[in-house]
Amino acid sequence: MKLPVYLDYNATTPVDPRVLEEMIPYFCERFGNASSSNHKFGWEAEQAVAVARKRVADLIGAIPRDIVFTSGSTESNNISLKGIAESYSEKGRHIVTCTTEHKAILETCKYLEELGFEVTYLEVDGNGLLDTEELERTVTEKTIIVSVMMANNEIGTIQPVAEIGRICRSKGALFHTDATQAVGKIPVNVDEMNIDLMSISAHKFYGPKGAGALYVRGRNPRVTFAKQTHGGSQEKSLRAGTLNVTGIVGLGKACEIAAEEMDNEIERHVKMRNRMMKEVLALENTVLNGHPEKRLPNNLNFSFSDIDINALIGDLHDLAMSTGSACTSSSMEPSHVLTAIGRPRELAGSSLRLSFGRYSTDEEIDYATERLVSAVKRLSEESPQSVISKPKEIK
Ligand SMILES: *Cc1c(COP(=O)(O)O)cnc(C)c1O
């Protein structure tokens with residue numbers, strides 16, 4: 001077993017060697033521009049992009065025409081919200097989202113508020129789930145888009161997206177979901193889930209960084225969003241710029257592998273997750289963050305009371321994990337997601353996210369569990385408070 005053990009798959013994943021193998025020819029040999037329609041180099045690239053587009057569409061139950069390639073989910077989130085805000089502002093200026101969204105949604109919403117849009121940030125319960133009845137009351141005829149993530153990157157909670165989509169459709173609002181942590185890990189179907197726009201990122205499921213997609217529903221309803229990048233007519237003029245052919249090929253292959261291996265992978269990860277969860281939650285001073293069942297197969301997030309989190313991380317230098325989320329761990333502010341589920345500041349600041357994946361082994365999970373459990377026990381005994389109390393569950 002190689003150390004440190006990588007337990008940060010929700011931050012990024014290694015590229016699957018099968019994905020890399022498929023990408024390699026498109027760097028030097030088949031380097032053509034997919035828009036060059038007069039010669040073999042261009043046709044080869046165009047053909048590879050078409051294959052990838054079909055693979056992405058197949059994984060999510062879409063048609064290839066409705067896939068727009070982007071640089072990843074940050075871009076997909078930005079162009080959907082800004083593009084819809086711009087093209088539907090005649091209808092209304094109200095947007096609905098959720099307090100536990102990724103910064104790529106929250107910061108975009110903040111920007112749109114500066115432009116005069118009204119944004120409602122729905123709160124979540126102690127498990128990270130939003131209240132669909134509250135959503136139903138919040139969406140009005142002035143609401144142009146609702147954006148709720150499918151699975152949370154920090155706490156792993158899976159939202160009832162099909163129901164959210166149904167509500168949006170019945171109210172005539174568009175539904176966007178940031179499915180970055182879901183696509184490739186759990187089954188996703190844009191029709192069954194009533195999704196109009198959806199963000200996808202290759203590097204969260206064994207594809208390369210800097211490649212992703214935006215699903216844009218073409219029929220029932222036909223979604224039109226104002227382009228946010230002006231230039232060439234690539235991607236039906238919705239996203240100008242020479243296509244990242246190697247990245248797109250990698251994304252396509254990652255989707256094809258996910259479609260084939262997802263069922264087995266879920267089963268394997270759920271076993272690992274439950275085994276580790278049981279051992280860690282047996283500790284007196286530990287609580288689980290996120291929903292106990294409606295959560296990603298590969299994610300765990302714990303808060304520890306009465307221990308020095310920095311000492312814990314220092315102790316566990318042979319485990320590569322996140323505190324809070326990768327995007328906020330450099331700042332001293334406790335995670336906005338843990339705050340949103342009602343964790344008090346001390347508990348929110350004293351949390352660890354462990355996420356594993358395709359290359360995680362039982363040996364690694366057992367090693368990590370043992371290391372974590374013994375470190376927490378030791379630090380709790382050393383804790384000056386020494387009165388160890390199970391933190392209250394917040395519902
Ligand atoms: C990683 C992540 C993003 C950002 O995706 P990039 O492709 O890295 O820009 C957005 N949303 C969620 C939920 C994520 O986990």
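Modeller: First a definition: a crossing is left-handed if the near helix is turned anticlockwise from the far one by less than a right angle, and right-handed if clockwise. Helices (H or I, at least four residues) and strands (E, at least two) are DSSP runs, numbered from the N terminus. This is a predicted model, in which local features need pLDDT of at least 70, side-chain atom pairs count only at pLDDT 80 or more, and totals for chains, interfaces and linings use all residues. Residues are numbered from 1 along each chain as its sequence is written, and side-chain values use heavy atoms, with hydrogens and water left out.

Biologist: In which sense does H3 pass H8?

Modeller: The crossing is left-handed. The axes of H3 (residues 40–60) and H8 come within 8 Å and cross at roughly 35°; axes are lines fitted to C-alpha atoms, for helices over the stretch in contact, and angles run from 0 to 180 degrees between N-to-C directions.

Biologist: Which residues of H3 and H8 make the contact?

Modeller: Among them are Ala48 and Leu59 of H3 and Ile248 and Met262 of H8, where contact means heavy atoms within 4.5 Å.

Biologist: Now the sheet: in what order do the strands run?

Modeller: The order is S9-S10-S12, an open antiparallel sheet of 3 strands. Two strands pair if DSSP finds at least two bridges between them. S9 (286–288) and S12 (351–355) are the edge strands.

Biologist: Which helices lie across S9, S10 and S12?

Modeller: H8 (residues 245–281) does, at about 10° to S10, and H12 (residues 362–382) also lies across these strands, running at about 10° to S10.
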